[in-house]
Amino acid sequence: MTGFLLRRSVGAVVTLLAISVIIYTVFYVAPGDVAQITCGPRCSPGQVAQVSEQLRLDDPVYVRYWDFLQGIFVGQDYSTGTSVEHCDAPCLGLSYQSDQQVTQLILTKLPVTGSLALGAMVMWLILGVGTGVLSAWRRGRVTERVLTAVTLAGMATPVFVIGLLLMIVVCGQLGWLPFPQYVAFTDDPQQWAWNLLLPWLSLALIEAAKYARLTRASMLETLADDHVRTFRAYGVGERSIIGRHALRGAVAPVIALSANDFGTLFGGAVLSETLFGLPGMGRELVHAVRVVDLPVVVGMVLVTGFFVVLANAVADVLYAVADRRVVLS
(Lines give C-alpha, C1' and ligand atoms only; values in the text may rest on other atoms or scores of the structure.)
Protein backbone atom coordinates (compact mmCIF):
# COMPACT_ATOMS: atom_id res chain seq x y z
CA MET A 1 0.00 0.00 0.00
CA THR A 2 2.91 2.37 0.76
CA GLY A 3 4.33 1.92 -2.74
CA PHE A 4 0.89 2.42 -4.24
CA LEU A 5 0.39 5.69 -2.35
CA LEU A 6 3.86 6.86 -3.36
CA ARG A 7 3.20 6.17 -7.05
CA ARG A 8 -0.13 7.97 -6.92
CA SER A 9 1.42 10.98 -5.13
CA VAL A 10 4.22 11.31 -7.68
CA GLY A 11 1.72 10.99 -10.52
CA ALA A 12 -0.48 13.69 -8.99
CA VAL A 13 2.46 16.11 -8.66
CA VAL A 14 3.57 15.51 -12.26
CA THR A 15 0.01 16.00 -13.48
CA LEU A 16 -0.31 19.30 -11.61
CA LEU A 17 2.98 20.57 -13.05
CA ALA A 18 1.84 19.66 -16.56
CA ILE A 19 -1.49 21.40 -15.98
CA SER A 20 0.27 24.53 -14.72
CA VAL A 21 2.55 24.66 -17.79
CA ILE A 22 -0.36 24.26 -20.19
CA ILE A 23 -2.61 26.77 -18.41
CA TYR A 24 0.08 29.42 -18.03
CA THR A 25 1.28 29.10 -21.62
CA VAL A 26 -2.19 29.13 -23.16
CA PHE A 27 -3.42 32.19 -21.28
CA TYR A 28 -0.27 34.27 -21.47
CA VAL A 29 0.29 33.74 -25.20
CA ALA A 30 -3.37 34.50 -25.95
CA PRO A 31 -3.92 37.36 -28.39
CA GLY A 32 -4.69 40.82 -27.10
CA ASP A 33 -2.78 43.67 -25.49
CA VAL A 34 -3.08 42.88 -21.79
CA ALA A 35 -1.40 46.15 -20.79
CA GLN A 36 -3.86 48.21 -22.86
CA ILE A 37 -6.84 46.31 -21.46
CA THR A 38 -5.56 46.63 -17.90
CA CYS A 39 -4.75 50.32 -18.22
CA GLY A 40 -7.99 51.24 -19.95
CA PRO A 41 -9.00 52.67 -23.34
CA ARG A 42 -8.03 56.26 -22.45
CA CYS A 43 -4.41 55.51 -21.51
CA SER A 44 -1.63 57.04 -23.56
CA PRO A 45 1.09 54.86 -25.15
CA GLY A 46 3.47 55.94 -22.39
CA GLN A 47 1.06 54.83 -19.68
CA VAL A 48 0.48 51.51 -21.46
CA ALA A 49 4.24 50.96 -21.63
CA GLN A 50 4.53 51.75 -17.93
CA VAL A 51 1.81 49.22 -17.09
CA SER A 52 3.50 46.62 -19.31
CA GLU A 53 6.79 47.17 -17.48
CA GLN A 54 5.10 47.02 -14.08
CA LEU A 55 3.39 43.75 -14.98
CA ARG A 56 6.60 42.41 -16.55
CA LEU A 57 4.74 41.55 -19.73
CA ASP A 58 7.88 42.09 -21.81
CA ASP A 59 9.67 39.18 -20.15
CA PRO A 60 9.61 35.81 -21.95
CA VAL A 61 6.80 33.47 -20.96
CA TYR A 62 9.16 30.89 -19.46
CA VAL A 63 10.75 33.56 -17.21
CA ARG A 64 7.35 34.63 -15.91
CA TYR A 65 6.34 31.00 -15.45
CA TRP A 66 9.46 30.32 -13.37
CA ASP A 67 8.68 33.35 -11.23
CA PHE A 68 5.13 32.04 -10.91
CA LEU A 69 6.40 28.68 -9.61
CA GLN A 70 8.73 30.42 -7.19
CA GLY A 71 5.81 32.41 -5.87
CA ILE A 72 3.85 29.21 -5.20
CA PHE A 73 6.63 27.58 -3.21
CA VAL A 74 8.55 30.47 -1.55
CA GLY A 75 6.48 33.61 -2.13
CA GLN A 76 7.32 36.70 -4.17
CA ASP A 77 7.57 40.49 -4.07
CA TYR A 78 5.34 42.53 -6.39
CA SER A 79 5.42 46.20 -7.33
CA THR A 80 2.07 47.96 -7.15
CA GLY A 81 3.44 51.13 -8.74
CA THR A 82 3.91 53.10 -5.53
CA SER A 83 5.18 50.38 -3.20
CA VAL A 84 6.44 46.80 -3.06
CA GLU A 85 4.11 44.17 -1.64
CA HIS A 86 5.22 40.74 -0.45
CA CYS A 87 2.99 37.82 -1.34
CA ASP A 88 3.45 34.81 0.96
CA ALA A 89 3.55 31.28 -0.40
CA PRO A 90 1.49 29.84 -1.92
CA CYS A 91 1.36 33.00 -4.02
CA LEU A 92 -0.60 32.96 -7.29
CA GLY A 93 0.15 36.58 -8.19
CA LEU A 94 -1.70 39.88 -7.96
CA SER A 95 -4.92 40.78 -9.71
CA TYR A 96 -4.43 43.18 -12.61
CA GLN A 97 -7.68 44.93 -11.77
CA SER A 98 -7.60 45.30 -7.98
CA ASP A 99 -3.96 44.56 -7.00
CA GLN A 100 -5.44 42.01 -4.57
CA GLN A 101 -3.51 38.81 -3.97
CA VAL A 102 -5.07 36.05 -6.05
CA THR A 103 -4.63 33.52 -3.25
CA GLN A 104 -6.65 35.67 -0.85
CA LEU A 105 -9.30 36.24 -3.50
CA ILE A 106 -9.63 32.51 -4.09
CA LEU A 107 -9.79 31.79 -0.35
CA THR A 108 -12.79 34.10 -0.05
CA LYS A 109 -14.63 32.29 -2.88
CA LEU A 110 -13.50 28.73 -2.18
CA PRO A 111 -15.87 28.04 0.76
CA VAL A 112 -18.88 28.85 -1.42
CA THR A 113 -17.93 26.54 -4.28
CA GLY A 114 -16.65 23.87 -1.90
CA SER A 115 -19.88 23.91 0.10
CA LEU A 116 -21.93 23.63 -3.08
CA ALA A 117 -19.88 20.75 -4.49
CA LEU A 118 -19.48 18.71 -1.30
CA GLY A 119 -23.09 19.01 -0.20
CA ALA A 120 -24.41 18.12 -3.65
CA MET A 121 -22.06 15.12 -3.88
CA VAL A 122 -23.21 13.71 -0.55
CA MET A 123 -26.83 14.14 -1.53
CA TRP A 124 -26.50 12.61 -5.00
CA LEU A 125 -24.62 9.61 -3.58
CA ILE A 126 -27.36 8.96 -1.04
CA LEU A 127 -30.17 9.39 -3.56
CA GLY A 128 -28.42 7.67 -6.46
CA VAL A 129 -27.03 4.63 -4.68
CA GLY A 130 -30.23 4.18 -2.68
CA THR A 131 -32.37 4.34 -5.82
CA GLY A 132 -30.04 1.95 -7.66
CA VAL A 133 -30.14 -0.60 -4.84
CA LEU A 134 -33.94 -0.44 -4.65
CA SER A 135 -34.25 -0.74 -8.43
CA ALA A 136 -32.00 -3.84 -8.53
CA TRP A 137 -33.81 -5.39 -5.57
CA ARG A 138 -37.21 -4.86 -7.23
CA ARG A 139 -36.10 -5.93 -10.69
CA GLY A 140 -38.99 -6.68 -13.02
CA ARG A 141 -41.59 -5.04 -10.79
CA VAL A 142 -43.50 -1.79 -11.03
CA THR A 143 -41.09 -0.11 -8.63
CA GLU A 144 -38.17 -0.69 -10.99
CA ARG A 145 -40.06 0.64 -14.01
CA VAL A 146 -41.07 3.81 -12.17
CA LEU A 147 -37.54 4.42 -10.87
CA THR A 148 -36.06 3.81 -14.33
CA ALA A 149 -38.41 6.37 -15.87
CA VAL A 150 -37.59 8.91 -13.15
CA THR A 151 -33.82 8.46 -13.56
CA LEU A 152 -34.05 8.82 -17.34
CA ALA A 153 -36.03 12.03 -16.92
CA GLY A 154 -33.45 13.31 -14.44
CA MET A 155 -30.55 12.64 -16.80
CA ALA A 156 -32.31 14.48 -19.63
CA THR A 157 -33.19 17.63 -17.65
CA PRO A 158 -30.68 20.52 -17.44
CA VAL A 159 -29.81 21.91 -14.02
CA PHE A 160 -31.19 25.37 -14.78
CA VAL A 161 -34.61 23.89 -15.58
CA ILE A 162 -34.83 21.93 -12.33
CA GLY A 163 -33.34 24.82 -10.39
CA LEU A 164 -35.80 27.36 -11.75
CA LEU A 165 -38.77 25.06 -11.17
CA LEU A 166 -37.72 24.36 -7.60
CA MET A 167 -37.17 28.04 -6.85
CA ILE A 168 -40.55 28.99 -8.32
CA VAL A 169 -42.49 26.22 -6.58
CA VAL A 170 -40.58 25.48 -3.37
CA CYS A 171 -39.33 29.00 -2.59
CA GLY A 172 -41.89 31.20 -4.30
CA GLN A 173 -45.27 29.48 -4.14
CA LEU A 174 -44.92 27.13 -1.17
CA GLY A 175 -42.36 29.09 0.83
CA TRP A 176 -40.79 25.93 2.24
CA LEU A 177 -37.22 27.10 1.63
CA PRO A 178 -35.62 30.55 1.41
CA PHE A 179 -34.20 31.81 -1.85
CA PRO A 180 -30.55 30.68 -1.82
CA GLN A 181 -27.95 33.01 -0.36
CA TYR A 182 -24.61 32.01 1.07
CA VAL A 183 -24.18 32.05 4.84
CA ALA A 184 -20.77 31.02 6.17
CA PHE A 185 -20.72 27.74 8.05
CA THR A 186 -18.76 29.34 10.88
CA ASP A 187 -21.41 32.05 11.28
CA ASP A 188 -24.49 29.81 11.42
CA PRO A 189 -24.25 26.11 10.45
CA GLN A 190 -28.02 25.70 10.38
CA GLN A 191 -28.60 28.64 8.03
CA TRP A 192 -25.62 27.54 5.93
CA ALA A 193 -27.28 24.19 5.24
CA TRP A 194 -30.81 25.60 5.01
CA ASN A 195 -29.85 28.16 2.35
CA LEU A 196 -27.84 25.65 0.29
CA LEU A 197 -30.42 22.88 0.45
CA LEU A 198 -32.16 23.95 -2.75
CA PRO A 199 -28.94 24.14 -4.86
CA TRP A 200 -27.83 20.80 -3.45
CA LEU A 201 -31.15 19.22 -4.31
CA SER A 202 -31.18 20.68 -7.83
CA LEU A 203 -27.73 19.30 -8.63
CA ALA A 204 -28.34 16.01 -6.83
CA LEU A 205 -31.54 15.20 -8.72
CA ILE A 206 -29.60 15.31 -12.00
CA GLU A 207 -26.41 13.56 -10.90
CA ALA A 208 -28.24 10.92 -8.84
CA ALA A 209 -29.80 9.56 -12.02
CA LYS A 210 -26.39 8.43 -13.31
CA TYR A 211 -25.49 6.80 -10.01
CA ALA A 212 -28.82 5.02 -9.81
CA ARG A 213 -28.33 3.42 -13.22
CA LEU A 214 -24.67 2.60 -12.54
CA THR A 215 -25.45 1.06 -9.15
CA ARG A 216 -28.34 -0.94 -10.58
CA ALA A 217 -26.22 -2.32 -13.45
CA SER A 218 -23.31 -3.22 -11.15
CA MET A 219 -25.56 -4.90 -8.61
CA LEU A 220 -27.42 -6.92 -11.24
CA GLU A 221 -24.07 -8.10 -12.61
CA THR A 222 -22.93 -9.14 -9.13
CA LEU A 223 -26.24 -10.83 -8.31
CA ALA A 224 -25.76 -13.02 -11.39
CA ASP A 225 -22.37 -14.34 -10.20
CA ASP A 226 -21.90 -17.93 -9.10
CA HIS A 227 -20.93 -17.11 -5.51
CA VAL A 228 -24.24 -15.29 -5.02
CA ARG A 229 -26.11 -18.36 -6.24
CA THR A 230 -24.13 -20.37 -3.71
CA PHE A 231 -25.18 -18.03 -0.91
CA ARG A 232 -28.79 -18.39 -1.93
CA ALA A 233 -28.44 -22.17 -2.03
CA TYR A 234 -27.18 -22.11 1.56
CA GLY A 235 -30.21 -20.09 2.60
CA VAL A 236 -28.62 -16.67 3.03
CA GLY A 237 -31.29 -13.98 3.09
CA GLU A 238 -31.76 -11.66 0.10
CA ARG A 239 -31.21 -8.54 2.20
CA SER A 240 -27.91 -9.90 3.48
CA ILE A 241 -26.79 -10.78 -0.06
CA ILE A 242 -27.61 -7.30 -1.34
CA GLY A 243 -26.15 -5.44 1.62
CA ARG A 244 -22.92 -7.42 2.10
CA HIS A 245 -22.07 -8.70 -1.36
CA ALA A 246 -23.93 -7.08 -4.25
CA LEU A 247 -23.54 -3.54 -2.92
CA ARG A 248 -19.81 -4.07 -2.39
CA GLY A 249 -19.45 -4.90 -6.07
CA ALA A 250 -21.12 -1.61 -6.99
CA VAL A 251 -18.88 0.54 -4.78
CA ALA A 252 -15.79 0.66 -7.04
CA PRO A 253 -17.39 2.22 -10.15
CA VAL A 254 -19.36 4.64 -7.96
CA ILE A 255 -16.12 5.83 -6.31
CA ALA A 256 -14.46 6.44 -9.67
CA LEU A 257 -17.46 8.28 -11.10
CA SER A 258 -17.97 10.41 -7.99
CA ALA A 259 -14.37 11.68 -8.17
CA ASN A 260 -14.80 12.76 -11.79
CA ASP A 261 -18.18 14.36 -11.12
CA PHE A 262 -16.88 16.23 -8.08
CA GLY A 263 -14.06 17.69 -10.15
CA THR A 264 -16.43 18.54 -12.97
CA LEU A 265 -18.87 20.24 -10.60
CA PHE A 266 -16.08 22.10 -8.83
CA GLY A 267 -14.67 23.39 -12.09
CA GLY A 268 -17.98 23.97 -13.83
CA ALA A 269 -19.91 25.71 -11.07
CA VAL A 270 -20.45 28.79 -13.24
CA LEU A 271 -24.01 27.94 -14.25
CA SER A 272 -25.08 26.77 -10.80
CA GLU A 273 -23.62 29.75 -8.96
CA THR A 274 -25.08 32.19 -11.49
CA LEU A 275 -28.50 30.57 -11.31
CA PHE A 276 -28.66 30.65 -7.52
CA GLY A 277 -26.74 33.90 -7.05
CA LEU A 278 -23.90 32.33 -5.06
CA PRO A 279 -20.63 34.34 -4.94
CA GLY A 280 -18.29 31.43 -5.65
CA MET A 281 -15.27 30.72 -7.82
CA GLY A 282 -17.34 30.13 -10.94
CA ARG A 283 -18.81 33.63 -11.03
CA GLU A 284 -15.46 35.18 -10.17
CA LEU A 285 -13.77 33.25 -12.97
CA VAL A 286 -16.31 34.53 -15.50
CA HIS A 287 -15.68 38.09 -14.35
CA ALA A 288 -11.90 37.62 -14.56
CA VAL A 289 -12.17 36.28 -18.12
CA ARG A 290 -14.38 39.20 -19.11
CA VAL A 291 -11.85 41.81 -17.92
CA VAL A 292 -8.78 39.74 -18.95
CA ASP A 293 -7.47 39.51 -15.40
CA LEU A 294 -4.96 36.79 -16.28
CA PRO A 295 -3.48 36.11 -12.81
CA VAL A 296 -6.96 35.46 -11.43
CA VAL A 297 -7.87 33.26 -14.40
CA VAL A 298 -4.66 31.22 -14.18
CA GLY A 299 -4.87 30.94 -10.41
CA MET A 300 -8.48 29.78 -10.34
CA VAL A 301 -8.05 27.29 -13.18
CA LEU A 302 -4.95 25.90 -11.46
CA VAL A 303 -6.76 25.56 -8.11
CA THR A 304 -9.65 23.84 -9.88
CA GLY A 305 -7.19 21.45 -11.53
CA PHE A 306 -5.66 20.77 -8.12
CA PHE A 307 -9.01 19.71 -6.68
CA VAL A 308 -9.75 17.54 -9.71
CA VAL A 309 -6.40 15.75 -9.31
CA LEU A 310 -6.90 15.50 -5.55
CA ALA A 311 -10.38 14.02 -5.95
CA ASN A 312 -9.09 11.39 -8.37
CA ALA A 313 -6.13 10.57 -6.09
CA VAL A 314 -8.50 10.06 -3.15
CA ALA A 315 -10.71 7.93 -5.40
CA ASP A 316 -7.70 5.77 -6.31
CA VAL A 317 -6.97 5.17 -2.63
CA LEU A 318 -10.59 4.35 -1.81
CA TYR A 319 -10.73 2.10 -4.87
CA ALA A 320 -7.65 0.26 -3.60
CA VAL A 321 -9.21 -0.14 -0.16
CA ALA A 322 -12.38 -1.54 -1.73
CA ASP A 323 -10.46 -3.87 -4.08
CA ARG A 324 -7.02 -4.95 -2.87
CA ARG A 325 -6.14 -6.22 -6.36
CA VAL A 326 -5.66 -2.58 -7.45
CA VAL A 327 -2.66 -2.23 -5.12
CA LEU A 328 -0.87 -5.03 -6.94
CA SER A 329 -1.38 -3.52 -10.41
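Q: Why is V161 called partly exposed?
A: First off, keep in mind that this is a predicted model. V161 has a relative accessibility of 30%. Buried means under 20% and exposed means over 50%, with partly exposed in between, so V161 counts as partly exposed.

Q: Where does V161 sit?
A: You'll find V161 in helix 7, which covers residues 159–173.

Q: Which residues make up the nonpolar patch on the surface?
A: The patch is formed by F160, V161, L164, L165, I168, V169, L174, W176 and L271. Together they have about 820 Å² of accessible area. Helix 7 gives the largest share of the patch, with six residues.

Q: What makes S272 buried or exposed?
A: Check its number: S272 has 4% relative accessibility. The cut-off for buried is under 20%, so S272 counts as buried. S272 belongs to helix 11, residues 270–276.

Q: Which residues does S272 touch, not counting residues up to four places away in sequence?
A: That would be L116, V159 and L203.

Q: How many residues are in the largest nonpolar core, and which have the most contacts inside it?
A: The core has 74 residues, and F68, L92 and W124 are those with the most contacts inside it. Helix 5 (residues 102–137) gives the most to this core, with 14 residues.

Q: What is F68 in contact with, leaving aside its neighbours within four places in sequence?
A: F68 contacts Y24, Q76, C91, L92, V298 and L302.

Notes. Residues are numbered from 1 along each chain as its sequence is written. This is a predicted model: local features need pLDDT of at least 70, side-chain atom pairs count only at pLDDT 80 or more; totals for chains, interfaces and linings use all residues. Side-chain values use heavy atoms; hydrogens and water are left out. Patches are made of residues with over 30% relative accessible area and no salt bridge: like charges are joined within 9 Å, nonpolar side chains (Val, Leu, Ile, Met, Phe, Trp, Tyr) within 5 Å. Accessible areas come from the Shrake-Rupley method with a 1.4 Å probe; for residues, only the protein chains shown count as cover. A salt bridge is a side-chain nitrogen of Lys or Arg within 4 Å of a carboxyl oxygen of Asp or Glu. Helices (H or I, at least four residues) and strands (E, at least two) are DSSP runs, numbered from the N terminus. Buried means under 20% relative accessible area, exposed over 50%, partly exposed in between (1.4 Å probe, protein chains only). Contact means heavy atoms within 4.5 Å. A nonpolar core is a set of buried Ala, Val, Leu, Ile, Met, Phe, Trp, Tyr and Cys residues joined through side-chain atoms within 4.5 Å.
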